[in-house]
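Subject: Structure handover and notes

Hello,

My notes on what turned up in it follow below.

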Amino acid sequence: MASSLASKHFLAAVYSTDGSNRVGSVLPSTSFQLPARNTRFRRFEVHAAGSTYGNYFRVTTFGESHGGGVGCIIDGCPPRIPLSEADIQVDLDRRRPGQSRITTPRKETDTCKIASGVADGVTTGTPLKVEVPNTDQRGNDYSEMSIAYRPSHADATYDFKYGVRSVQGGGRSSARETIGRVAAGAVAKKILKLYGVEIIAYVSQAHKVVLPDDLVDHHTLTLEQVEDNIVRCPDPEYAEKMIAAIDAVRVKGDSVGGVVTCIARNVPKGLGSPVFDKLEAELAKGMMSLPATKGFEFGSGFAGTFMTGSEHNDEFYIDEHGQIRTKTNRSGGIQGGISNGEIINMRIAFKPTSTISRKQNTVTRDKHETELIARGRHDPCVVPRAVPMVEAMAALVLIDQLMAHVSQNMLFPSNPALQDSLQLPLAEATR
């Protein structure tokens, strides 16, 4: 998410000569004045809760794994977009637990309800709230974890930061938090589709089973190919190998990681900004904010370091429609932090699920060494269910960047020789 000190309020405690503390709001202003000589700042604090993403299409997620429910609030959703709960439910069903033997056995329907922001079947432009109740909580499964920390889980760091945590289900560190993201992402994908943008993710690695790049054509890949098996790998032969690899550790109470590849087709040219708000930087932040992520690559990624410039450069040409294109796409659809109209492709690495039912060494909250066998219902491999989560974050980044691009570059006359028009036919928008 783009950050700008000029757009945020700061709370500061001011110490005055009479010994009193005053908490005031320091607002950005061109006529900002320093405090008087006999006044000094004792501390300067920026309050950042960390549950909101986006500047124009702002999404805040809420709820915890074993609380009353989870969901999101979208502020900045354009008006007059046809939207129903069924539009959102499709992606929530792809994310929900209990859908196969290689996912967590927790049984949740994850049925969503639009609580505000829609009237007569279309968005109103006001805050859109989507709620999903929790119905299959088992708090007793976490009794041991209220005392001892799960290795490599967020249990310890939440205590280090807040001095308190929601033990049942991991609270906000649970993957159930991503329900709000997937719901918001479904809305974002529907808007992006009006501009022809398609976002598809799939599992390209599970443990040591790696899908060769040349087996998937990103120009013709379909959602149906991805959804054809429980591991969400578009190649049937490698899908079976991945399922077998996950099954092998599942029966032993262990877990494995993997990689999700995501592509975005027909992305308009010009999305993203130079320097700090580069498109790939925003995508990296969005993806790395997902639970269990450990790495992010786009385009040639780390493999590009083994190439020379002449090998790596994407040469330009003019296509049959008079458009500037690249012959190859090692840039991954982004150059200089700005989309170039080619397919954006990225890969996100996910670690093995940290909660496993094998004995591990750990420590208790009162600082005693102990052993822990974690209970509860957890995914032996997160990547099959991470696919819709990755798609959602890609959509949230792209819709926010699209709205930023339109607000800066499309409100006034553009240069038609270089800039693509983003005019959206009214009939298509209201269909």
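Where is the place of N266? N266 sits in the loop between β13 (258-265) and α6 (279-288); helices (H or I, at least four residues) and strands (E, at least two) are DSSP runs, numbered from the N terminus.

Before the rest, a word on conventions. This is a predicted model, in which local features need pLDDT of at least 70 and side-chain atom pairs count only at pLDDT 80 or more, while totals for chains, interfaces and linings use all residues. Residues are numbered from 1 along each chain as its sequence is written, and side-chain values use heavy atoms, with hydrogens and water left out.

**Overall picture**

The protein chain has nine helices and 21 strands. Of its 431 residues, 45% count as buried; buried means under 20% relative accessible area, exposed over 50%, and partly exposed in between (1.4 Å probe, protein chains only). The accessible surface of the protein chain comes to about 22,200 Å², with 54% of it belonging to carbon and sulfur atoms; the areas come from the Shrake-Rupley method with a 1.4 Å probe, and for residues only the protein chains shown count as cover. Taking contacts (heavy atoms within 4.5 Å) between residues at least 6 apart in sequence, 69% join residues at least 24 apart.

The largest nonpolar core holds 84 residues, and F57, I88 and L398 touch the most other members. Such a core is a set of buried Ala, Val, Leu, Ile, Met, Phe, Trp, Tyr and Cys residues joined through side-chain atoms within 4.5 Å. Helix α8 (residues 383-409) supplies the largest share of this core, 14 residues. Leaving aside neighbours within four places in sequence, the contacts of L398 include L192, V197, I199, A264, V267, L271, L279 and I344.

One of those partners, L279, is also among the buried residues of α6, together with E280, E282, L283, A284, G286 and M287. Seven of the ten residues of α6 are buried, so this helix is largely enclosed by the rest of the structure.

**Strands**

Five strands form an open sheet in the order β4-β5-β6-β10-β7, with antiparallel pairing; two strands pair if DSSP finds at least two bridges between them. β4 (52-53) and β7 (113-116) stand at the edges with a single partner strand each, so one side of each is left without a neighbour in the sheet. Three bridges join β7 to β10, and S116 has K129 in β10 as its bridge partner.

Elsewhere, strand β20 (residues 360-363) runs antiparallel to strand β21 (residues 369-372), joined by four bridges. V363 is bridged to E369 in β21. The two strands form a hairpin with five residues between them, and K367 in the turn has a positive phi of about 70°.

**Positive phi in loops**

Most residues other than glycine have a negative phi. N266 has a phi near 60°, and at 46% relative accessibility N266 counts as partly exposed. S152 has a phi near 65°; S152 lies in the loop between β10 (128-133) and α2 (155-162) and is exposed, with a relative accessible area of 61%.

**Aromatic rings and charges**

How many aromatic pairs does a search of the whole structure find? The search gives two; rings of Phe, Tyr and Trp (its six-membered ring) pair if their centres lie within 6.5 Å, and planes under 30 degrees apart count as stacked, over 60 as edge-to-face and the rest as tilted. Y149 and F160 make an edge-to-face pair, 6.5 Å centre to centre with 70° between the planes. Y149 lies in the loop between β10 and α2 and F160 in helix α2, so the pair ties together parts that are eleven residues apart in sequence. Y149 is buried, with a relative accessible area of 10%, whereas F160 is exposed at 64%.

Y158 and Y162 form an edge-to-face pair too, at 5.9 Å centre to centre and 65° between the planes. Being four residues apart in helix α2, Y158 and Y162 are separated by about one helical turn. Y158 is partly exposed, with a relative accessible area of 25%.

K161 lies over the face of Y162, 5.6 Å from the ring centre; a charge sits over a ring if NZ of Lys or CZ of Arg is within 6 Å of the ring centre and within 35 degrees of the ring normal. Likewise, the charged end of K241 sits over the ring of Y238, 4.4 Å from its centre.

Best wishes
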